[in-house]
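These are my notebook entries on a structure I consulted. I record what I looked up, entry by entry.

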Amino acid sequence: MNRREFLDKAVRTGLAGAVFGSSTLRLSGSPTSSDHFSPESETPAPKPYPVKPFAWEEVTIDELQRQFTDRKTSSLALTRAYLGRIEQLDRHGPRLGSVLELNPDAEALAHQADSERKVGHVRGPLHGVPVLVKDNLDTQDRMATSAGSLALASWHPPQDSFVVARLRSAGAIILGKSNLSEWANFRGSNSVSGWSGRGGLTRNPYALDRNPSGSSSGSGAAVSANLCTVAIGTETDGSIVSPASVNGLVGVKPTVGLVSGTGIIPIASSQDTAGPLARTVRDAALLLGVIAGRDPRDSATALIPSDLSFDFTRGLKRDALRGARLGVARQFFGFHPTVERLMHGVLDQLKTLGAELIDPVELPNGAERDRAEFEVLLYEFKSELNTYLGSLPLGMGVRSLAELIAFNEAHRAEELKWFGQETLIKAEAKGPLTEPAFREALATCRRISRDEGIDAVMTEHRLDALIAPTGGPACITDLLVGDTEIGGSTSPAAVAGYPAVTVPSALWRGLPIGLTFFGRAWSEAKLLGYAFAWEQASKVRTVPRFYPTLPIGN
């Protein structure tokens, strides 16, 4: 979760006139000389970190399956290659810090996948494919599940989360746990995305002094840097689509209930969901098809329509945008003139691809929705985290939110080194979910985001989807000030519990910017189709080269 904290900070500190560190990316006003490079006025371009050639750079799931079938490679060889690349780039070299813990059984699992393939047993498109999983999903293995916190560094769950169980059943190789913004970035008001007490700091592979966004920071950075094939992230508000955007990836935030939350360390069940991060739309669709499904332990999955197909690749057509009515959510534009110019080019291209743009459309009551959202998250976080922690064995020590707060205070040098835990303290002050304040806030969220929001606007304008820039380019990582990200369109779909798909749309000085398609509940297949058509026509994704600072780009 990140958007709420950014909104709070913008109000407190007046970020509307701030600048992005040394890059002088202005938030308002007209473009300045800093919006382009010239040999006379700028320092020499930084040099990228030298990286050894990687045989599987940008490899897709389909390409891997062909190589496995043709015996050009094996899951074991691929797994070893990823482990070597993690050692080279994540542990050493540019030190991305995206992988919190490696699975000591990864090679054995890969060998097992190869053995099954030899006897004709292929479980599906992910068979033998290495996947990283965010460290707030339970895994029943020799890896811990900690949400990045030292308080849970020794916690080994007795069973897999629903998502991990689905991955294992599909033959995927759980390569390791990815780092994250600790407690999914629901901890303190000056938080730094990508930092956890247990995992340290994750860096953006496009420019190492830039932030990977969060809270699925490690998943985003690792997939982008080709440290795995695909990864699992989680989102409450922005934590899949935002890191996907700044890391040049496709990110899918599913409808709440499409993917079971069983075995995931929670923030708020009304908004929490796991979802894919991938380098291509098709890979994201394949991964979503594996992890989606009904789960009797999660009542939200009972709302999945009985006729919904879990084959999310069926709508991936190059002409999917032809005739699509897309509402341009203008309130999420205009936060920076250069980004505005780039996004206008994106809109022109969408029209060229046959989309009909309804411009503008307005989603109402953002400030009221945001206030109600934060109230809901505080209440649900306390209730649901207490339930999760309360299920831990007595010897764990931290079995409630109150005990977690005390743990952080007792380990201040490690856990509160860079920012505090004001959000945890606010949540602890809340009462039970039966309180009128919670019920009213939840009803406000539903009314504004759904009845008066996405559903109303789409009905009024007969829309197939809404579009907006996912956010701005990656900000400078500042461990003292905290996140200074600008822009962002994540909240409407997040608060509604509706789906959103982000896809690379533009580059600003080599830094990626994503375009989000969002819409009604259970419309993932349609949104993925639009994202696919855009991806195939635009080909914006570029491979990160680990520049030490802002590279020269388009």
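**Entry 1: a proline in a strand.** I began with Pro360, which lies in strand S10 (residues 356-361); helices (H or I, at least four residues) and strands (E, at least two) are DSSP runs, numbered from the N terminus. The peptide bond from Asp359 to Pro360 is cis, with omega near 5°.

**Basis.** The model is predicted: local features need pLDDT of at least 70 and side-chain atom pairs count only at pLDDT 80 or more, while totals for chains, interfaces and linings use all residues. Residues are numbered from 1 along each chain as its sequence is written, and side-chain values use heavy atoms, with hydrogens and water left out.

**Entry 2: further backbone exceptions.** Most residues other than glycine have a negative phi, and most peptide bonds are trans. I found a cis peptide bond from Gly214 to Ser215, with omega near 15°. Ser215 is in the loop between strand S5 (200-201) and helix H6 (217-224). Ser213 is placed in the loop between S5 and H6, and its phi is near 65°, a positive value in a residue other than glycine. I noted Ser213 as buried because its relative accessibility is 0%; buried means under 20% relative accessible area, exposed over 50%, partly exposed in between (1.4 Å probe, protein chains only). Trp183, in the loop between S3 and strand S4 (195-196), has a positive phi near 55°. At 2% relative accessibility, Trp183 counts as buried.

**Entry 3: H5 against H8.** I looked up how helix H5 (residues 162-169) and helix H8 (residues 281-291) pack: the angle is about 110° and the axes are 8 Å apart. Axes are lines fitted to C-alpha atoms, for helices over the stretch in contact, and angles run from 0 to 180 degrees between N-to-C directions. H5 and H8 are therefore roughly perpendicular to each other (65 to 115 degrees). Phe162, Val163, Arg166 and Leu167 of H5 meet Leu287, Gly289, Val290 and Ile291 of H8, contact meaning heavy atoms within 4.5 Å.

**Entry 4: the end of H16.** Which residue does the side chain of Ser538 reach through a backbone oxygen? That residue is Trp534, at 2.8 Å. Ser538 is in helix H16 (residues 524-538), and Gln536 also lies in H16. The side chain of Gln536 makes polar contacts with the side chains of Arg318 at 3.2 Å and Lys539 at 3.3 Å. A polar contact is a pair of N or O atoms within 3.5 Å; within protein, one must be able to donate a hydrogen and the other to accept it, and residues adjacent in sequence count only if both atoms are side-chain atoms.

Conventions
Parallel < 35°, antiparallel > 145°, perpendicular 65-115°, else oblique.
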